[in-house]
Amino acid sequence: MNRTRKGDIDSVIEWRHKLLNSLNKLEARDTQKTGVEEIVHMLDYLQTDTLPIFISCLLETTEAQKPSSKKESVRIIGIAASVLRDGLQGHLGKIIAAISKRLKESDTVLRDQCAETFGLLAKYVSPRMDNNASASSSPLDVYFKPLFALLTEQNKQTQTGAAMCISKIIENSADYVVLNLPHLVTRLLRYSKSPNSLAHASMIHCLASLVDTVGDAIIPHVPSVMTHLMDGLASSDFTARKASVEALELFALKLGSSMMSFKSEVVEILEDLRFDKVKPVRDSVIHCIEIYRNLGMSSPISKRQAYREEPSTTLNPPSTPTSARKNTYKRSMSSGS
């Protein structure tokens, strides 16, 4: 081995030792900030031979590692995405698999950070399309595949974390989402309606993220989504009822007069929901009723509409009669939380 090559190897070994020392600082509260700063500083000097080592060390965990250290490691991956961008493409699969695995842990702070990091990855790192992918596949499947798999796990925390990550990916991938919108809507509704779904509220947030991200492009799919949202008002889970109300409000704010055909039915159902047992649900309902009552009025519905043009398309309401929905809701009020 020549001296130059040996010197390069020694340099990489020394660099890895420095990285591990900085990672160890994440374990203690008083050194955590310094450790993060040192690791982030290394991003500016990564080379082709040190990047794989950087990613592997950052993703590696042990049983003894504290949740706060795991959370900071995941956060640094998000920072790395914003700095290195497509430089992480070759490592994306490994990163996604590692972060998805974190979602099986019970720590909610770590779960929240996983969602934020997934959002940053989707925003800054362009996914590569699999050459063997089917016609209905999307480049975003590299992100979605492991997360939708987690939605089949019979664990509410795991499903909630996966749904939160899907929402963040949607919010940061508008162009890709629009291109694959019909398939994604169908997929989200299928998992939301599944009898094995335990994270109803979080799945509804995914649907809300769709309209918030793609706007008018969602119009052809609104009837099927609205049917699901209005069914959600009858859920025995108050978080699902509240999420459904908030999603209904967001659809009205984003799509404006296109929602006129739903106005009467939504207001009628929400009038009963004003007496929900849970105050946060009641508060959301009152605001949502006001939004729908103002649909089609000359005055603006909300300041959130200032950046949006009113679409002219009018949608057909779902086929389930309002009376049936109201009866279902009343039964949920008498038995639900």
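1. Two aromatic rings count as a pair here if their centres lie within 6.5 Å. With that cut-off in hand, welcome to this predicted model, where a search of the whole structure turns up three aromatic pairs.

2. Start with Phe118 and Tyr143. Their ring centres are 6.5 Å apart and their planes stand at 75°, so this pair is edge-to-face; the cut-off for that label is an angle over 60 degrees. Phe118 belongs to helix H6 (residues 108–124) and Tyr143 to helix H7 (residues 141–150), and the pair links distant parts of the chain, 25 residues apart. Both Phe118 and Tyr143 are buried.

3. Next, look at Phe148 and Tyr191. This aromatic pair is tilted, with 4.9 Å from centre to centre and 50° between the planes. Because Phe148 lies in helix H7 and Tyr191 in helix H10 (residues 181–193), the pair ties together parts of the chain that are 43 residues apart in sequence.

4. With a relative accessible area of 1%, Phe148 is buried. Ring pairs also join Phe148 with Phe144 and Tyr191 in a cluster.

5. Now for the overall picture. How many helices and strands does the secondary structure of the chain come to? There are 16 helices and zero strands. Of the 337 residues in the chain, 47% are buried. If you take the contacts between residues at least 6 apart in sequence, 75% of them join residues at least 24 apart.

6. A word before the helix pairs: two packed helices are described by the angle between their axes and by the distance between those axes. H10 and H12 pack at an angle of about 20°, with their axes 11 Å apart. That angle makes H10 roughly parallel to H12, and their crossing is left-handed. On the H10 side you will find Val185, Leu189, Ser192 and Lys193, which meet Ser224, Val225 and His228 in H12.

7. Helix H11 (residues 200–214) and helix H13 (residues 238–255) are another pair to view. They pack at an angle of about 5°, and their axes are 8 Å apart. H11 is therefore roughly parallel to H13. The residues of H11 that make the contact include His200, Ile204, Leu207 and Val211, while those of H13 include Ala240, Ala243, Leu250 and Phe251.

8. Are helix H14 (residues 263–273) and helix H15 (residues 279–293) roughly parallel or roughly antiparallel? The angle between them is about 155°, with the axes 9 Å apart, and this makes H14 roughly antiparallel to H15. H14 passes H15 in a left-handed crossing. Among the residues in contact are Lys263, Val266, Leu270 and Glu271 of H14, and Val281, Val285, Ile289 and Tyr292 of H15.

9. Lys70 is found in helix H4 (residues 67–84). Is Lys70 buried or exposed? Its relative accessible area is 11%, so Lys70 is buried; the cut-off is under 20%. Leaving aside neighbours within four places in sequence, Lys70 is in contact with Thr61, Thr62, Gln65, Glu105 and Leu110.

10. Thr50 sits in the loop between helix H2 (29–42) and helix H3 (51–59). At 7% relative accessibility, Thr50 counts as buried. What does Thr50 touch, not counting residues up to four places away in sequence? Its contacts are Val12 and Trp15. Thr50 and Val12 are 38 residues apart in sequence, and their C-alpha atoms are 6.9 Å apart in space.

11. Finally, turn to Ser257, whose place is in the loop between H13 and H14. Ser257 has a relative accessible area of 27%, so this residue is partly exposed. Ser257 and Gly296 are 39 residues apart along the chain, and 5.5 Å separates their C-alpha atoms.

Technical notes
Residues numbered from 1 in each chain as written. Predicted model: local features only at pLDDT ≥ 70, side-chain atom pairs only at ≥ 80, totals over all residues. Heavy atoms only, no water. Phe/Tyr/Trp six-rings, centres within 6.5 Å; stacked < 30°, edge-to-face > 60°. Helix = DSSP H or I, 4+ residues; strand = E, 2+ residues; numbered from the N terminus. Buried < 20%, exposed > 50% of the residue type's maximum accessible area, 1.4 Å probe, protein only. Contact = heavy atoms within 4.5 Å. Axes fitted to C-alpha atoms, helices over the stretch in contact; angles between N-to-C directions. Parallel < 35°, antiparallel > 145°, perpendicular 65-115°, else oblique. Left-handed = near helix turned anticlockwise from the far one by under 90°.
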